[in-house]
Amino acid sequence: MAILTVRNVPDEVHRALRVRAANHGRSTEAEVREILERAVKPEQRIRIGDALAELSGRIGLTNDDFEVFDQLRDKAPSEPMRFE
């Protein structure tokens, strides 16, 4: 696990962290870890497929709109890469 050092924390912020940690029954260090985790991690994982489906629905795209891609797609088999 990584180690993080935060310098120059104002006294009143440190005091508030200690009080908040005590209210939650944990150490100040554990409280800071909890605060950081909640700040940077979403409650639910964002899935790219779901996000794209929602976006296309919002702008009114249908399956018919995507048929053009099937018509334009190159159907020839791809060539494997060569490293020579």
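## Phenylalanine 69 and phenylalanine 66

Phenylalanine 69 counts as partly exposed because its relative accessibility is 47%, and phenylalanine 66 counts as partly exposed at 37%. Partly exposed lies between buried, under 20% relative accessible area, and exposed, over 50% (1.4 Å probe, protein chains only).

The model is predicted: local features need pLDDT of at least 70, side-chain atom pairs count only at pLDDT 80 or more, and totals for chains, interfaces and linings use all residues. Residues are numbered from 1 along each chain as its sequence is written, and side-chain values use heavy atoms, with hydrogens and water left out.

## The aromatic pair

The structure holds one aromatic pair. Phenylalanine 66 and phenylalanine 69 form this pair, with 5.8 Å centre to centre and 35 degrees between the planes, and the pair is tilted. Rings of Phe, Tyr and Trp (its six-membered ring) pair if their centres lie within 6.5 Å; planes under 30 degrees apart count as stacked, over 60 as edge-to-face and the rest as tilted.

Helix α4 (residues 63-72) contains both phenylalanine 66 and phenylalanine 69, three residues apart, about one turn of the helix. Helices are DSSP runs (H or I, at least four residues), numbered from the N terminus.

## The lining of the largest pocket

The lining of the largest pocket draws at least two residues each from α1 (11-23) and α2 (28-40). Six residues, the largest share of this lining, come from α2.

By type, the lining of the largest pocket has ten nonpolar, two polar and two charged residues. Ala, Val, Leu, Ile, Met, Phe, Trp, Tyr, Cys and Pro count as nonpolar, Asp, Glu, Lys and Arg as charged, and the others, Gly among them, as polar.
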